[in-house]
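Here are some quick notes on the charged pairs, as promised. Have a look at the model first, then read on.

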Amino acid sequence: MPIHEISGCIGCEACVKSCPTDVIQMDRERNKAYIAYVEDCQICHLCRLYCPVGAISITPEKSIPVMVSWR
Amino acid sequence: MSKKTDLSRRRFMGAAAGTLLGASALSSLNLNAAPVKNQPKIDPQAFSSNLLETDVLVIGGGMAGLFAAVKAHDAGARVLIVSKGRLGSSGLTPFAKGIFSYDPATANMSIDEFVAKVSESSLGSSNPVFTRQLAEYSKARVEELKSWGFFDSALYNNSFMRPIEARGIPLHERIMITHLLKEQGRVVGASGFSLDDNRILHFRAKTVVLCTGSGGFKSSGFPLCDLTHDGTVMAYKIGAKVTGKEWNDGHPASAVNSGSCYDNWHGQVEEKPNITSVDIHHDLGVDMNYTAYVLGPSSQGMGPPGGPAGKGPGERSDGPPSMEQVSGGPYVPEAFRRAGGPPPMPPQQSGFLAGLFGDKKPSGPPGMQGPKVGGSSAGMAIHKSEGLVPVDETGLSTVPGLYAAGDALGSYMSGGIYTQIGSSLAGSAVQGAIAGEAAAKASQKAKAVELPASKLAAVEEEILAPLQRERGYSPAWVTQVLQSVMIPNFVLYIKKERLMQAALAYVEELREHHVPMLLADDRHKLRLAHETENMIITAEMKMRASLMRKESRCSHYRLDYPEVDDVNWRAWINIWQDEKGQMQLEKQPFGTWPV
Ligand SMILES: Cc1cc2nc3c(=O)[nH]c(=O)nc-3n(C[C@H](O)[C@H](O)[C@H](O)COP(=O)(O)OP(=O)(O)OC[C@H]3O[C@@H](n4cnc5c(N)ncnc54)[C@H](O)[C@@H]3O)c2cc1C
Ligand code: SF4
Ligand code: SF4
């Protein structure tokens with residue numbers, strides 16, 4: 001998992017705004033952020049760094065296959 | 001509930017959510033699922049449409065957009081910024097940590113010498129007007145950033161917001177601009193849609209400053225998956241000339257967790273920015289691609305990044321093994337070769353990072369320890385070598401009223417190669433400021449042009465088209481095909497005629513037949529659909545320009561034309577769309593402006 005878990009969210013929306021690739025969305029009813037498009041996570045950690053309460057955890061593996069120039 | 005059980009319960013729920021996410025990720029990609037009728041989760045008919053007005057429209061919220069907006073405002077214009085992502089938290093800007101400041105009091109060379117040395121390193125491909133501009137104005141921009149608190153935090157949103165809020169400049173974030181509007185031969189605005197609600201926005205402006213950065217093929221391990229050369233392609237579609245598509249940024253990625261930008265860059269995003277001073281290199285990157293091509297991937301590290309001997313991390317006695325010597329490969333000018341050492345190596349921040357390396361925890365770009373894979377920034381050229389063709393030093397494009405700055409401007413500030421650490425960020429600041437001020441002045445002379453309702457309706461139709469289609473292709477699948485065609489080392493980096501012709505045939509097929517059938521069922525996929533089209537057009541530009549340049553120079557390397565050809569190729573390549581919609585290419589001699 002790239003962005004992996006959101007736990008203890010206070011609903012400030014900072015992560016939704018700070019994610020360059022639009023991975024996170026708000027659940028308006030629960031007023032909590034959730035991971036909507038995990039396959040587009042570029043594992044840059046901006047959401048985690050902008051979260052005021054440290055609610056976001058991220059692991060280094062992509063959830064989809066990665067195309068590289070050689071392996 | 002005790003704290004302990006609460007925690008373990010949370011962990012359990014996390015794991016469960018993780019599994020679920022994995023499954024939904026695959027299904028939303030539609031890679032393994034059977035094709036189904038597109039059933040949008042949002043109603044394309046429910047989109048509202050609004051028109052906003054300003055003198056100067058700045059598109060993009062990175063370093064260039066920040067300065068363009070501030071300086072256009074300070075020159076007396078009404079300004080508005082619109083950006084696909086958040087100010088200072090989108091594009092490449094959040095990840096750059098070294099910013100160049102030319103300080104005449106302490107610099108070890110004059111500005112004339114600086115300009116000449118950059119030209120020497122770039123084999124003449126730099127534009128001295130923009131190199132000089134960088135040196136002349138970088139210090140002033142860095143001082144302004146300092147006063148806004150830029151150097152006090154690793155995260156840039158706060159310091160970027162300070163001058164914007166102080167001036168009351170309206171800021172529209174998370175709006176993807178898809179169209180530039182042209183009437184009576186000049187740019188008159190732009191249109192796009194919101195990522196957060198069902199809104200289409202039209203902007204009417206007297207002048208536009210395009211600060212949309214660069215882009216790539218959503219490759220892995222380099223944080224540019226939000227950028228797909230949108231601005232360049234939009235401008236191309238209204239007749240602007242575009243340049244620089246044959247150059248390649250050559251950042252590798254770690255072979256382990258290649259897709260993690262954070263780990264590839266050793267957590268550098270958590271560091272506060274700092275200032276760099278004159279230190280001119282010839283930092284390729286593509287030489288690493290060449291070594292991997294000739295010898296095969298290495299199980300060892302690929303050696304240290306470039307830089308003067310004695311300064312790179314490879315000089316440490318406990319450093320990683322040097323890159324293997326291979327014959328042939330990209331030409332490196334004599335003055336920039338390392339005596340007895342490995343050929344100069346990639347990332348542009350090497351010297352600055354070398355400093356960090358000596359005594360601190362590992363930090364900075366990939367290219368150091370451990371096995372590497374290539375292509376982490378595939379689809380992106382050297383910063384400032386690609387983008388709109390300027391017709392003068394303000395970044396005015398070939399379309400009246402349309403300016404570009406930063407990574408969206410093909411200024412050739414350092415040519416087709418990285419020469420000066422920290423200059424990319426500083427260059428965006430310097431160029432943004434100059435373009436913003438020029439756009440403000442020009443807006444005072446321009447009269448506002450009405451946007452015909454029929455035109456706006458046609459644009460709205462195009463924006464929403466992927467939501468309206470019942471049958472077609474998912475952007476994720478088309479992107480995957482494009483990546484498999486373009487990213488291999490033997491197509492994009494170690495170029496040869498036959499393979500590029502083959503790739504071009506695929507790319508043309510994608511453009512002609514697949515772009516008109518891209519699907520979206522929500523706003524996120526709508527964004528992906530438009531981005532996918534832009535990547536495909538960029539791929540075509542890259543192949544055509546690379547086929548045309550029958551020589552090797554800087555970061556453009558052809559196996560079938562490995563030599564620098566100064567007789568025929570002291571020239572940049574411009575690309576534009578003719579009246580019939582055909583892609584055209586031309587040479588523009590180094591040191592000249594477009595005719
Ligand atoms: C990991 C990394 C490390 C780097 N390190 C350094 C360094 O140490 N020193 C250095 O000098 N340079 C460095 N660079 C390069 C530097 O970051 C860039 O050259 C510079 O930040 C570009 O700034 P910009 O404003 O021109 O473009 P960007 O910062 O890329 O901004 C582009 C903006 O345009 C917006 N945009 C894009 N498309 C659209 C659209 N369709 N509609 C609306 N808005 C849109 C984006 O949301 C974004 O806000 C690094 C880059 C990376 C990725
Ligand atoms: S790690 Fe980066 S790409 Fe992934 S969700 Fe967070 S901000 Fe978005
Ligand atoms: S930044 Fe943190 S607290 Fe704010 S919405 Fe995101 S996860 Fe919740």
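1. Start with Asp55(B): its relative accessible area is 11%, so it counts as buried, the cut-off being under 20%. Bear in mind that this is a predicted model.

2. What does Asp55(B) pair with? Its salt-bridge partner is Lys206(B), and the closest N and O atoms sit 3.5 Å apart.

3. Next, Lys71(B) and Glu144(B): they form a salt bridge with 2.5 Å between the closest N and O atoms. Lys71(B) belongs to helix H2 (residues 63-74) of chain B and Glu144(B) to helix H4 (residues 128-147) of chain B, so this pair ties together parts 73 residues apart in sequence. Lys71(B) is another buried residue, at 13% relative accessible area.

4. Arg199(B) and Asp197(B) also meet in a salt bridge, at 2.8 Å from N to O.

5. Salt bridges link Glu246(B), Arg549(B), Glu551(B), Arg553(B), Asp566(B) and Arg570(B).

6. For the overall tally, how many salt bridges does the structure hold over all chains? The count comes to 40.

Methods
Residues are numbered from 1 along each chain as its sequence is written. Chains are lettered from A and ligands numbered from 1 in the order in which they are written. This is a predicted model: local features need pLDDT of at least 70, side-chain atom pairs count only at pLDDT 80 or more; totals for chains, interfaces and linings use all residues. Side-chain values use heavy atoms; hydrogens and water are left out. A salt bridge is a side-chain nitrogen of Lys or Arg within 4 Å of a carboxyl oxygen of Asp or Glu. Buried means under 20% relative accessible area, exposed over 50%, partly exposed in between (1.4 Å probe, protein chains only). Helices (H or I, at least four residues) and strands (E, at least two) are DSSP runs, numbered from the N terminus.
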